[in-house]
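Reader: Could you walk me through how to read a sheet and a helix in a new model?

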Amino acid sequence: MSEKTKAVEEVILKAKPESAEIIRVLTQQGLAASFRQYWVEWKRHTVLVLGFSGAGKTSMLRSTFGIVEPEEDLGKPTGDVRLYMLRPGKTTFRVSDTPGHPILRRRLDKEIARLVRGDYQGVIDVVAYGYNESKHLSSLVKEADPESLARYKNEYQPVSSTGQVNARYVRRERELELAYLKSWARRVGRQSKLKWVITVVNKADLWRKHRAEALDHYQGNGEYAAVFKEEFPDIPHDVCPLSCSTDGFYNLRPPSPGPKFEAWRREMSEALVSKLHSRLS
Ligand SMILES: Nc1nc2c(ncn2[C@@H]2O[C@H](COP(=O)(O)OP(=O)(O)OP(=O)(O)O)[C@@H](O)[C@H]2O)c(=O)[nH]1
Ligand SMILES: [Mg+2]
C-alpha cells in the first residue's frame, strides 16, 4: 500500500462519515487526488455485518480479515457500529461491524436505513447454529425474580452442571437467530438495493459432529433457508461454514481438533474470502 493510500485511509477512519467532511479534511492535507481514485472502490464496496450477539461477527472480522478492534471493545460484546477498511488481496472494501445484543438494537436503525437506501452493497449474515456465546441472557435476568432465575438456570444455562451443552439453550438461540433474520429482513424489504447476502455459519468446531444437519438448516430446504427465500426471493445467497477459533463454548474446553480439522478451518476461511471477492467485483 502506498504512503498516500495509507494516509487517505487514516483520514477516512478518523473523519466523520459525511463525505463533505472527509473531502474537506483531505483537501486541507493535499490528498484529494489520491482520494478520488480510492473513493470509487470505497463507495461501491460496502458490506454490513449482521447477526445475533455472540455468533462471532467481530471474531470473524478479526481472524479472517485481520481487523484490530478498539481497545474498549476487547473481550466484550460490540457496543456500537464500528467501521473498518479492509484489503484482503486487491480489493478495498468498507465493512461495518454491528452490535447484535438485543439491548443495543436501536444502534442498528441507522445502518438498516442505509442498507435500504443502497449504501451497502451486501450483507455478511453471521450465525452459529445456536452456539451463541453472549452475555445477553445474564443481563436480561439480572433483575429477574427468583422464579424466572430458576427457570433460566434450568432451561437457558448454556452448559449443564455435568459439562454437557444444554440442547434447550442451543435450540432457543437458533430460534433467536431466525427471529433476528426476520426482523432485519422485514425492515429491509424486497424493494431494497441489497445485491447479495453471504450467510457465514460460524463455530464449525462446535457443530462439526452435526455437520450435515447444521448446513441443511441454512441451505436447501432448511428452516433458515426457507425464511431467507421467503424474505429475499431474488437475492443471491451463499452459505459459508467457518470456525474462527477453537476456544470451546463458555467454560467447556474441547480437545485439540487435530491437523485435518485445522486444514478444514483454513479452507473455510479461504473460501469465504474468495466468495466475498467474487461478490464485490
Ligand atoms: N468455539 C468457537 N468460539 C467462537 C468462534 N467464533 C467466536 N467464538 C467465541 O464466541 C464469543 C462471541 O464472539 P464475538 O465475536 O464477540 O461475537 P459477536 O457476534 O461480535 O457478538 P456482539 O458483538 O455481541 O454482537 C467469543 O467468546 C468468541 O471467542 C468459533 O468459531 N468457535
Ligand atoms: Mg461483536
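This is a predicted model: local features need pLDDT of at least 70, side-chain atom pairs count only at pLDDT 80 or more; totals for chains, interfaces and linings use all residues.

Reader: Which residue of strand 5 is the bridge partner of Val127?

Author: Strands of a sheet pair through backbone hydrogen bonds, either parallel or antiparallel. Here, Val127 has Val201 in strand 5 as its bridge partner. Strand 4 (residues 122–127) and strand 5 (residues 196–201) run parallel, joined over six bridges.

Reader: What is the strand order in the open sheet?

Author: Six strands go 2-3-1-4-5-6, and the pairing is mixed. Strand 2 (82–86) and strand 6 (237–241) each have a single partner strand, so they stand at the edges with one side lacking a neighbour in the sheet. From one strand to the next, the twist averages 20°.

Reader: Which strands does helix 10 touch?

Author: Helix 10 (residues 211–218) packs on the sheet against strand 4, strand 5 and strand 6, and its direction makes about 155° with that of strand 5. Helix 12 (residues 258–280) packs on the sheet too, touching strand 3 (93–97), strand 4, strand 5 and strand 6, at about 160° to the direction of strand 6.

Reader: Now helix 8: which of its residues are buried?

Author: Among them are Tyr169, Leu176, Tyr180, Leu181 and Trp184. Seen down the axis of helix 8, the buried residues fall within an arc of 160°, so they line one face. On the other side, Ala167, Arg171, Glu175, Ala179 and Arg186 are exposed.

Reader: And what comes just after helix 8?

Author: Gly189, with a positive phi of about 75°.

How values were computed. Residues are numbered from 1 along each chain as its sequence is written. Chains are lettered from A and ligands numbered from 1 in the order in which they are written. A residue is buried if 20 or more other C-beta atoms lie within 10 Å of its own, exposed if 12 or fewer, and partly exposed in between; C-beta atoms are placed from the backbone. Helices (H or I, at least four residues) and strands (E, at least two) are DSSP runs, numbered from the N terminus. The arc is that of the directions from the helix axis to the C-beta atoms. Two strands pair if DSSP finds at least two bridges between them. Axes are lines fitted to C-alpha atoms, for helices over the stretch in contact, and angles run from 0 to 180 degrees between N-to-C directions. Two residues are in contact if their C-beta atoms, placed from the backbone, lie within 7 Å.
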